[in-house]
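Hi,

Here is the structure I promised to pass on. Have a look at it first, and then read on for what turned up.

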Amino acid sequence: IGRYDIVDRIGYGGMGMVFRGHDPHIGRAVAIKLLRIGDEDLHDRFLREAQSAGGLKHPNIVTIYDFGEHEGSPFIVMEYVEGTTLAEYIKQNIPLTLARKLELLEELAAGLEYAHNKGVVHRDVKPANVMVDREGILRILDFGIARVTDSGLTQTGMIMGTPNYMSPEQVEGKSSDRRSDIFSSGLVMYELLSYHQAFPGDTMHQVMNAIVRHAPVPLRTLAPDLDPALETIVNRAIEKDPARRYQTMAAMGTHIARLRSK
């Protein structure tokens, strides 16, 4: 793919495939995401957003090195990171101390706040897109399909993201901004603290209906020993009305840090 040698395939899904590759010019391992996009407008948007996301340089964000096209399909080349996703921690019920969970959530907030201030909204924040690397540092994946807030490229009515972690405005096909990432981060926080999804469901319709109309099971029911202040942070992050949520990840991160230092 491009100048990159393919070592093996490490993932695939509805949008395409992810490979581990090797950059022969620099001699480093890379991750390559090859997208299968038939729509020309979406294809162009992806390339523009990959270019914008490529400008993000932050210790909690996986770096994008390059992007291009391969046999008519766009691809992005990213830093190859070894580690464990939060989805794997949760699925395998790997124990973490509360202090460690809060530390990771602070790092998530720091990475997203940086991106938001650069005009980039992730729009698909979920445990599978948050990895803890071999050094124990949280890394946010998949900024290459982020929405650039000032690009004017988002089409109303187009749903992007993973249903269980979408904000109500994403579900309803409305325009979204950094507060959608705040909602999704609240759901990640809920799940990391309880090891239960806030909005589970057997069908996409069931999940999306719950996100728009219903509250999740109270955190105190799933984790009765949690500090009530943590539940307050989560509940504020996942308010249905964006105006009632935290307005920045920095504000949410500050409240998490305050609790961690108690």
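In what order do the three strands of the open sheet lie? The order is β6-β8-β9, with antiparallel pairing. Please keep in mind that this is a predicted model.

At the edges of the sheet stand β6 (83–85) and β9 (138–140); each has a single partner strand, so one side of each is left without a neighbour in the sheet. On average, neighbouring strands here are turned by 30° against each other, direction ignored. Between β6 and β8 (residues 130–133), which run antiparallel, there are three bridges, and Gly-83 is found opposite Asp-133 in β8. Helix α3 (residues 98–117) packs on this sheet, where it touches β8 and β9, and its direction makes about 35° with that of β9.

Next, a helix pair. The axes of α8 (residues 228–237) and α9 (residues 249–260) cross at roughly 170° and come within 10 Å. An angle over 145 degrees counts as roughly antiparallel, which means that α8 is roughly antiparallel to α9. On the α8 side the contact is made by Ala-229, Leu-230, Ile-233, Arg-236 and Ala-237, and on the α9 side by Met-252, His-255, Ile-256 and Leu-259.

As for aromatic pairs, the count is zero.

Best wishes

Note on methods:
Residues numbered from 1 in each chain as written. Predicted model: local features only at pLDDT ≥ 70, side-chain atom pairs only at ≥ 80, totals over all residues. Heavy atoms only, no water. Phe/Tyr/Trp six-rings, centres within 6.5 Å; stacked < 30°, edge-to-face > 60°. Axes fitted to C-alpha atoms, helices over the stretch in contact; angles between N-to-C directions. Helix = DSSP H or I, 4+ residues; strand = E, 2+ residues; numbered from the N terminus. Parallel < 35°, antiparallel > 145°, perpendicular 65-115°, else oblique. Contact = heavy atoms within 4.5 Å. Pairing = 2+ DSSP bridges.
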